[in-house]
Amino acid sequence: FLLIGCTYSFAQGNFPTNFPDRIVLNATADPTTSFVVSWRTGTAVGDGICEVQPMSDTRISPDKSISVKAVTRFAELGNLNETIIPVNVHTAVVSGLSAGSKYLYRVGSGSYWSEWFEVDIPANNGDFSFIYFGDPQVSLKSEWSRVVRKAYQMVSDCRFMLYAGDIINRSGSDMEWNEWFYAGSYIFSTIPQILTPGNHDYKDQKLDIHWNLQFHQPQNGPKGLKGTCFFVDYPNLRLISIDSASGDELENENGYEMTVQKAWLDSVLRTNTKKWTVVTTHLPFYSTKDTRDNPQIRKHFQPILEKYKVDLVLTGHDHSYGRGRASDTPGITPTINYVVSVSGPKLYPEGTKTWMEKRGGSIQLFQKISVKSESLLYEAYTVSGEIFDSFRIDYAKNGRKIFRNIKQD
């Protein structure tokens, strides 16, 4: 009986060893000087180290590295009918780096080390691109993997990959997280991953244990929502995450999660000095599905976004595609671009709502967003790499932003 049980458990394929796995980069609040890396081992490995050195074109000598000791945390992972797995998760914050430079790093300890990875630290200015994914959620290994790999193939120099929630389907499932890490493989070790949680990343209003264990996102959000509500500054861009999956999807309009995020968002936008502002959250401001609507999101957050002239809002949840400029404020010309998208294979038909300037159903997509000093270019691609939708915002000399829809052939 014990032999059969052990054979079944290890056949799951998500058991750790002494060697580091699930190595993932995250961005700090200032990615031009630092990065965060987390990884997993078995519990026999009690500590972890990240070794870092400048990029080398010859053989790598570990003696040239600086060593950063990781914070190690024990956890038991798994849910539903999964075998509960004890693990150690190690997180190292590497700071004091030079903007615009390339580094090599590896993680591990003793005789157990990862390979060396390259990480590119952003400059304080200059053009860059990032990739945005709507809900991955299901069939992560078999069907979503081709999306993240095609996106990386086409935009390998992206500064980060952004997710608008529902990374997996069943909160706490270590098997599903194992598939997500498999799908991204070494990509996640070289490109920072920035994640906003969705409703499937919560269960009974409790965040999946993997989030704050495996991902170390900026801790500049409100108390109780740090790591899910936050902002990151890149050259010419402030990226802001609102946690719309917390507080029972913000249904309680007077609840803590709603009121504290409203005040926080106003303060973060009021002090913003970046030329471009992108907001991400899971629940759409405007749904693509005819039977869905989130009026509480628009009522409480849209006036703040309009007050500070936010450029782009990236969301998920509805499993189809919609993009358009809209507003619930009477008498104004809408300027905020709202996007709903999906990257995973859980797909719905497109809706008929009139707010959408471009729509699409039953299609897996990823987005490349290019940030320049005087323009922001948005491009949505199919999983085969074909352009599906695009637009550009130009920054005129008088400070006015000009929207240009780019027609597809």
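**Exercise 1.** Find which residues of α2 meet residues of α3.

*Solution.* Start on the α2 side: Leu140, Lys141, Trp144, Ser145, Val148 and Arg149 meet Glu176, Glu179, Trp180, Tyr182, Ala183 and Gly184 in α3. Here, contact means heavy atoms within 4.5 Å, and helices are DSSP runs (H or I, at least four residues), while strands are E runs of at least two, numbered from the N terminus. Next, sort the contact residues: six are nonpolar, two polar and four charged. For this sorting, Ala, Val, Leu, Ile, Met, Phe, Trp, Tyr, Cys and Pro count as nonpolar, Asp, Glu, Lys and Arg as charged, and the others, Gly among them, as polar.

A quick note on the model: it's predicted, so local features need pLDDT of at least 70, side-chain atom pairs count only at pLDDT 80 or more, and totals for chains, interfaces and linings use all residues. Residues are numbered from 1 along each chain as its sequence is written, and side-chain values use heavy atoms, leaving out hydrogens and water.

**Exercise 2.** Work out what Asn178 touches.

*Solution.* Then list its partners, skipping residues up to four places away in sequence: Gly13, Asn14 and Arg22. Finally, zoom in on Gly13, whose backbone oxygen is reached by the Asn178 side chain at 3.4 Å.

Terms used: Polar contact = N/O pair within 3.5 Å; in protein donor to acceptor, adjacent residues only side chain to side chain.
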